[in-house]
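Colleague: I have not looked at this structure before. Could you show me how to read a few of its features, one at a time?

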Amino acid sequence: MTRSNILFALIGLVLLATAPFYLHNSYYIHMIGTIMIYAILLFGLDIVVGYTGQVSLGHAGLFGVGSYTAGVLFFKLGAPLWVILIASVGVTAIFGAILALPALRVTGPYLAMVTLAFGTIVQILINEMTFLTEGPLGIKVPKPAIFGMKFTEDGFYWLVLALMALSALVVDRILRSQLGRAFEALRGSPVASDCMGVSVYRYKVYAFVVSAGFAGLAGCLYAYSEQYISPNTYNFELTVLFLLAVIMGGRKSRLGSLLGAAIIVILPKLLDDLALFRSVATTLAVLMAVGAAIAISKHISTPRKMAIPVIGTAALAAFSFWLTSITDWRLSIFGLMILFVVYYLQDGIVGFFRNLLFRKARSVDADAAFDTQLDALSQAAAGRSGGDVLVAQGVLMQFGGLKALNMVDLRIKRGSIHGLIGPNGSGKSTMMNVLTGIYVPTAGSIAFDGDSVVGRTSSDIALSGIARTFQNVQLFGEMTALQNVQVGLHHTFDSNFVDVALNSSRYQRENDASVQRGLGLLHFVGLGELAGEEARNLPYGKQRLLEIARALALDPQLLLLDEPAAGLTAPDIKELITIIRKIRDHGITVILIEHHMDVVMSICDEVTVLDFGQKIAEGKPAAVQADEKVIEAYLGAPAA
Ligand code: ADP
Ligand code: MG
């Protein structure tokens, strides 16, 4: 966190902590408490929705599991507070793992439906398992006691505040760590995550489990806060509200979660009170007009784009004064506001202001560790020399009737640059996908460093030493250049959840090292100055270079480059050739797919030519270039 963020957080905490002294109103204290409890859940939901990019409509169900774990433990066993807190988190985390299972198979609308079903089933189970949950009757849960002293309303409020602050801190640390980068990488590109050794499977489950843990904590506190729980609280409406809160408040932001929680708690109350609604709608219209004026003057937005939101909020304000009774219109207004926010503020409220205020690219001072980086690279490849690093035999890859690879043999000499060329659609990229476990070959064997690759997961293969880039660039767009490379360095972290949450010295050491190495790698490909820039904002050529840096972060023995020069300018291509040579000189074997023949001919030690999935030639570049079959394949006619 930056210094000003810490300052704001502290001011916020002090304001919240002293609220009982200046509000003197238990209704408002209870309301703020509820907001904070929801915020704890939303911190967790944001991990799943904002960072990994999965939809979950199952979080009201998880919230219910937390509440009922607390309720049942108290009602049946009279368990003390600390046992109940831990159990609620633990039990709900287990349910989170169950909820993660569908996310491993489906995404998007399908996942939304399956998670919704999960939530519904939980609600039905709570309702039906009367022997445990008392069914529709519900359970009374009095305020907890600690050291024999029962919490007062204010005391409980402070407990919630403390746990909310702690949750925010822990979530913030997780999301800044290698774990957070792994979550975010899933959203950016699952394929690339896997190929960087960050198992999509594992981190999806991880994200759901952590997220569920916080939902459990929130559910437990909610039970104590309301002092009564019953099944119909944890319904469809609540789960949609949670999702909306994350989106409206602003994903990937703790402040956004708090804001979202405040909105979903306050808005329904607001829509019960006409006078209040009028003043809020007016304020909103004024804020919107001012915001639009700033945005237009700063050239962040155009008058045309801002017209509808400004008119919309103004119309809402006018409408509020025309209304005589709000109750009939409640749902429609609520729906309209949600539609408006989701449509116009896709980054949420926090995101909107962030864009407005901090639009300048962050830049990182990057001037260290360049040489040590190269040493690290050569160390990775040292100690092994001679022989073939990769031997593929009789590889067949069939898509329906199409043989994208037809009995291809490939031997790659250690320490060489091996060109793989052929016309479009000849199976080059398919070969890379087979080598990296994205496709499992229909037949044939592939041995890397003596071990078979066939049937292993992409992340496993990546960790064993094969790194790659992609023909259609697969960066983690919302992450900075440095963070992209740090995802490649994921394998250098031994620290776990607890290290991260406690900010242990082991984690700090590993994190500092990853920053140094990341910057070193960026320097190596000439991107040192752009470390703090989001990957999606880089020019295309630089994105390709960034992919190479990220791949090198794996400390690979074998690097696969799929058309790295595509879309590069002539000077950039020269630079690229130097980089590839340097990589080889550090002992890393390179397979290079390339359409620029001059590149292939100038740097490859050996070239294999594919055509319609079959190997038609192989040998030294000059010999291959003169081969009749190759000329025929490229020109479509027999050579004269
Ligand atoms: P290259 O990289 O040499 O241009 P590719 O390896 O991308 O060619 O494709 C080889 C052939 O395999 C093409 O005909 C392509 O349409 C087909 N192909 C590649 N991937 C798939 C897939 N997942 N499903 C069906 N066909 C595919
Ligand atoms: Mg290709």
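Modeller: Start with L186, which is buried, with a relative accessible area of 4%. Buried means under 20% relative accessible area, exposed over 50%, and partly exposed in between, using a 1.4 Å probe and protein chains only. This is a predicted model in which local features need pLDDT of at least 70 and side-chain atom pairs count only at pLDDT 80 or more, while totals for chains, interfaces and linings use all residues. Residues are numbered from 1 along each chain as its sequence is written, chains are lettered from A and ligands numbered from 1 in the order in which they are written, and side-chain values use heavy atoms, with hydrogens and water left out.

Colleague: Where is L186 found, and which residues does L186 touch?

Modeller: Helices are DSSP runs of H or I with at least four residues, strands are runs of E with at least two, and both are numbered from the N terminus. L186 is found in helix α9, residues 178-188. Contact means heavy atoms within 4.5 Å. Leaving aside residues up to four places away in sequence, L186 touches T52, S193, V200, Y203 and K204. The C-alpha atoms of L186 and G53 are separated by 7.5 Å, although these residues are 133 apart along the chain.

Colleague: Is A185 buried or exposed?

Modeller: A185 counts as buried, at 0% relative accessibility. A185 is also found in helix α9. Beyond residues up to four places away in sequence, A185 touches P190, S193, F476, M479 and V487.

Colleague: Which residues coordinate the magnesium ion?

Modeller: Donors are N, O and S atoms within 2.8 Å of the metal (3.2 Å for Na, K and Ca); water is not among the atoms, so sites may look incomplete. The magnesium ion, ligand 2, is coordinated by S429 (OG) and Q471 (OE1), at 2.0 to 2.1 Å. S429 lies in helix α19 (residues 428-435) and Q471 in the loop between β10 (466-468) and α21 (481-488), so the pair ties together parts 42 residues apart in sequence. S429 is partly exposed, at 21% relative accessibility, and Q471 is partly exposed at 33%.

Colleague: What about backbone angles?

Modeller: Most residues other than glycine have a negative phi. E134 has a positive phi, near 65 degrees. E134 lies in the loop between α7 (130-133) and β1 (139-140), and is partly exposed, with a relative accessible area of 22%. K252 has a positive phi of about 60 degrees. K252 lies in the loop between α12 (236-249) and α13 (254-270) and counts as buried, at 17% relative accessibility.
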